Amino acid sequence: MSSLQNYLNKSLETIKKANWYRYEKTISGLSGSLVEIERNWLVNFASNDYLGLASDKRVITGALEAIQKYGTGSTGSRLLTGHRPLHHQLEEALAQWKGTENALVFSSGYQANIGTISALVGKKDLILGDEYNHSSLKNGGKLSQAHCIDYAHSNCRDLVNLLTQHRHNFRHCLITTDTVFSMDGDIAPLTPLLDIANYFDCWLLVDEAHATGVLGVTGAGCVEHFQMKGDNLIQIGTLSKAIGSLGGYVTGSNLLMEFLRNRCPTWIYTTALSPGDTGAALTAVEIIPSALPLRQQLWDNINHFKKLAKMHHIDFMDSDSAILCLKTPDAETALGLAQKLNSAGFFVPAIRPPTVPSSRLRFSLMANHTQEDLTSLMKVISGDK
Ligand SMILES: *Cc1c(COP(=O)(O)O)cnc(C)c1O
């Protein structure tokens, strides 16, 4: 065996011993609130498609029409042959929805984060990020070569202490945070964070991946929910969760987009978002703001879920979003409970280190879950079925 094969084998053995081993499950057909996995039909509590738009007929038609008109591939980067009228339309629709001057779409949310962060800050600069931030925010910091420090989760006092200690040693300072934390479901203290950013002359970059389509009066996210404003505020998000397509975006000032179009490597040196993905996203972005009943249905499910949990005395982690987590003592217990739920007809992922510091079951709710889905799920969890 070569040293490569030997290394791979040993690493995988360690991963398996710790119960951290993962593999992909195949979903056949549409991925709605009910999915077929390996010939079993399961109620899906693992999807990011909060509003069910990934299998919505109107969104599918949006993708098909775009493909018929522009083809399957965008054939080049945005600055060369990849730009279509659809990209401009999507960016205008996003900017209008998010209440900003302008927007820029990327091939994924991950690329939007790493590209924007590494374009904006460098060696002379400081990044202060929440310790629970998404991998893309953390790796964006590393790629930028800025000095990165994590502050304690949602802890403004820790952030202020770090700024008092370090801010004056650096040229620019970027504060980064998820708005809804992806593996916990809680919301960052966004209004104080913006005040702190203003006081210490910092820029605030917020990742709305799990808030877009879920929070805010028109579903635009936490920035809308908390009515945050400022030209030092940069909003990032994904087209692949509640928007039901694929891709990412940045919204903010005209100047910011002009700068990114000239400086952001993950936007300049990669193929433009495909016509199908762009058409689907544009349709969804046109649907969501006026789809109050659909968003209300999601929140009715979230509130019903919490009420049932309370009734059964099951302690979920604090959450203000569609993500609800149940902590377990270890990875083995999380896997066991996920297996039990699977046998009872529910698909719920066990989230384990290294994704999170402590193991948990993570339930994502969808607008198209029924109240009966939630009732029977809770019965299995509480063990009185
Ligand atoms: C999913 C996610 C991303 C990445 O978005 P993709 O479009 O899937 O690459 C970024 N940030 C957060 C917080 C996420 O949950």
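Let me start at His210: an N or O atom of the His210 side chain sits 2.7 Å from an oxygen atom of the ligand. That is a polar contact, meaning a pair of N or O atoms within 3.5 Å; within protein, one must be able to donate a hydrogen and the other to accept it, and residues adjacent in sequence count only if both atoms are side-chain atoms. Thr238 does likewise, with a side-chain N or O atom 2.6 Å from an oxygen atom of the ligand. On its own the ligand has 380 Å² of accessible area, and the protein covers 85% of that; areas are by the Shrake-Rupley method with a 1.4 Å probe, and for residues only the protein chains shown count as cover.

A word on what you are looking at. This is a predicted model, in which local features need pLDDT of at least 70 and side-chain atom pairs count only at pLDDT 80 or more, while totals for chains, interfaces and linings use all residues. Residues are numbered from 1 along each chain as its sequence is written, and side-chain values use heavy atoms, with hydrogens and water left out.

Back to the ligand. Which residues are the closest of those around the ligand? Gly109, Asp207, His210, Thr238 and Lys241, out of 15; to be near, a residue needs a heavy atom within 4 Å. This shell has two nonpolar, 10 polar and three charged residues. Here Ala, Val, Leu, Ile, Met, Phe, Trp, Tyr, Cys and Pro are nonpolar, Asp, Glu, Lys and Arg charged, and the others, Gly among them, polar. Helix α5, residues 109-120, gives the most to the shell, three residues. Helices (H or I, at least four residues) and strands (E, at least two) are DSSP runs, numbered from the N terminus.

Next, the largest pocket, with about 1200 Å³ of space. A pocket is an open set of points on a 1 Å grid over the protein atoms alone, where a 1.4 Å probe fits, with protein on both sides within 12 Å along at least five of seven lines; lining residues have an atom within 4 Å of a point. It is lined by 42 residues, and Arg22, Pro349, Ala350, Ile351 and Arg352 are the closest to its centre. The largest share of that lining, four residues, is from α14. By class, the lining of the largest pocket has 18 nonpolar, 15 polar and nine charged residues.

Notes: Grid points are joined across faces, edges and corners, and a volume is the space filled by probe spheres set on the points.
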